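This report describes how the parts of one model are arranged and how its copies meet. The structure is shown first, and the description follows.

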There are 2 protein chains.
Amino acid sequence: MEILDLEDYPIYVGDIGESLPALLDKVSFSALFVLVDENTRRHCLPRVLPLLPAGIPLEILEIPSGEIHKNIATCQNIWEMLLRAGADRQALMLNLGGGVIGDMGGFCAATFKRGIRFVQMPGTLLSQVDASIGGKLGIDFGEVKNSIGVFQNPLAVFVDPAFLDTLSERELRSGFAEIIKHALIADGPQWQMLLQSEPKSHFKNAATILHSLRIKRAVVQADPYEKGIRKALNFGHTVGHAVESWSLGTDAPLLHGEAVAVGMICEAWLSRQLAGLPEQDLNDIAHWVDRMYALPKLPVEVFPELIALMRNDKKNTGGKINCTLLESAGQARIDGFVEEDLLLESLHFFNHLT
Amino acid sequence: MEILDLEDYPIYVGDIGESLPALLDKVSFSALFVLVDENTRRHCLPRVLPLLPAGIPLEILEIPSGEIHKNIATCQNIWEMLLRAGADRQALMLNLGGGVIGDMGGFCAATFKRGIRFVQMPGTLLSQVDASIGGKLGIDFGEVKNSIGVFQNPLAVFVDPAFLDTLSERELRSGFAEIIKHALIADGPQWQMLLQSEPKSHFKNAATILHSLRIKRAVVQADPYEKGIRKALNFGHTVGHAVESWSLGTDAPLLHGEAVAVGMICEAWLSRQLAGLPEQDLNDIAHWVDRMYALPKLPVEVFPELIALMRNDKKNTGGKINCTLLESAGQARIDGFVEEDLLLESLHFFNHLT
């Protein structure tokens, strides 16, 4: 068991059985509410239930899985379940699941009776390394991702690699994209280590997850409200979000991390053109990532649609498209404003990788 | 113009023309959104519009007036209007109206894109003396008042008695209930002064409003997150909220302050039983308040419903019903946990007042 202490709350990395009971013993609460979806109810809840104290009211709140349910209607469901169960301001909510459960469960807790305490127990590799730091909570609204929400820290986060045991290799690989990203933006030696190792060996590896969390902690603590350096975390996401949005309408949608993998390759190429990323780093990133994800090529006829999606990104100003670029593998530079034809070229670069 | 400086933001009491332009000149923002209802659009907006800077995008957001609209559906309307107008995180929202506009507009601002700045311009006596301090924001949900919300401070509050000029005497009297409450929980001499004066003389009186704001400031600053003494402000509200919720479904709904007046009488009676409130104080409070508000009796058959509503109050912990009681007129005691049959008796006491 390792403890990563943030300014306001701890992240426990390791067997939840060694950490959750102690925390629940230390804080007092009137009732426990565990938010799950149909997957985490089956696969993760059995690991948690035996750790909860007897003699305290316990209620399981189940919502359907999937980003499509991360909306205000599901929030209303959650709030209603809390009200019906008589939850008071001393209630404690445990959010057991991936990014949707964490973002939406946290938002519901932060707004129920003007805020009850909550604990995050991320159930995917993506949410373990990405969503467990930063206090960003919220839901999708009006077709805009995360447009309604608040910043609020959890009481604690429990990152237990055992929660990942039932995930498919594809899902784990998708989450691993954020681990690659953290190394690329801020930790050159970690990038070299990843490059020379077998990726699968990291997918459920507490040490790798912990290291990645440390990188993100440093970035977020330097800029909690995303006014500057925290934007480095957007590396791979300008192109990646566009590819993800487009692919959601196809027969073979990409997972978030797969789309970010495409984005990292394209934005590494842009970094070579605009930010001095060495040729060797570009080659390493492009070929290693492309091979690992076995990424399908993008149809050339959708390039204009992808550019249009990037143009609508809220980070842009003055007609150019905002990207985080790399000066080297391990050093990001924020606020790179990129011309559209260069972005087009980066998509061609990705497509011609062999 | 008087300025009441809170820890995090100022309250300007007096002519808004002397204070708003200077503030808007000092902060920078990308667009202005003024939230109004049909009443404040007609009666208050004309006083504000000439004070807003030229050359900055300005949008008037209108919602229907009334507590019945203080719900998640109206929030969705407001969020949609903000999204459609292209509001970004540098937008500034001006909430021009009573408690509904302030609570709900503030909540929408605090949750839009994880929080934009907002200014409160309370348009009723109630919201001027009550809602302008404390950072409590929210909406009614699942038939429970203010059950969804957050704590978030505004950039500033503008309390201008001129906004009260078009209010009915009934509305002013309702707001005056909070002025009475502030005196009862923390300022005995002020209570005696009020008791011996003509209530109407205080309804639009800047000095009385300012005095009441000073009492509330002292209480809130001592306990910003309502863990202790701030609960004193709930005096009259445990019973009052239940009466208000119930009455909203009747043909003759009470105004908030009228329901709180009922609550103060019932809770004064409980204070006599449980907290040593002197007989004389109980008599003064019960008869003076009952006479001033000419309150209708409560149908005995709804008493069980009222008790059930109190049971759902967010101030409760572990199933008991929490009331703030008075040790004397001017001295509150928090966390009185009251049995349900005593609460029933207090409703009978109110009904039998002559």
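Predicted model: local features only at pLDDT ≥ 70, side-chain atom pairs only at ≥ 80, totals over all residues.

Domain 1 covers residues 2-164 of chain A, and domain 2 covers residues 169-352. Their contact draws 19 residues from domain 1 of chain A and 21 residues from domain 2 of chain A.

On the domain 1 side of this contact, at least two residues each come from β1 (2-5), β2 (10-13) and α6 (125-131) of chain A. The most is given by α6(A), with 5 residues. By class, this side of domain 1 has 11 nonpolar, 5 polar and 3 charged residues.

A second contact joins the two chains: 25 residues of chain A are in contact with 25 residues of chain B. On chain A, the elements that give two or more residues to this side are α4 (72-84), α5, β7 (136-141) and β8 (144-151). Here β8(A) gives the most, with 6 residues. The side of chain A that touches chain B divides into 10 nonpolar, 9 polar and 6 charged residues.

How are the two chains related? Chain A is superposed on chain B by a rotation of 174° with 0.5 Å of shift along its axis, at an RMSD of 1.3 Å. Of the interface residues of chain A, 84% are also interface residues in chain B, so the copies meet through the same surface.

The backbone of chain A also holds two residues that have a positive phi although neither is a glycine, Lys113(A) and Arg114(A). Lys113(A) lies in the loop between α5 (99-111) and β6 (117-122) of chain A, and Arg114(A) is found in the loop between α5 and β6 as well. The table sets out their values.

| Residue | Phi | Other C-beta atoms within 10 Å |
|---|---|---|
| Lys113(A) | about 50° | 24 C-beta atoms |
| Arg114(A) | about 60° | 22 C-beta atoms |

Are these residues buried or exposed? A residue is buried if 20 or more other C-beta atoms lie within 10 Å of its own. Lys113(A) has 24 such atoms and is therefore buried. Arg114(A), with 22 other C-beta atoms within 10 Å, is buried too.

Note on methods. Residues numbered from 1 in each chain as written. Chains lettered and ligands numbered in written order. Domains from an automatic or database assignment. Contact = placed C-beta atoms within 7 Å. Helix = DSSP H or I, 4+ residues; strand = E, 2+ residues; numbered from the N terminus. Nonpolar A, V, L, I, M, F, W, Y, C, P; charged D, E, K, R; others polar. Buried ≥ 20, exposed ≤ 12 C-beta atoms within 10 Å, placed from the backbone. Least-squares fit on C-alpha atoms with pLDDT ≥ 70 in both.
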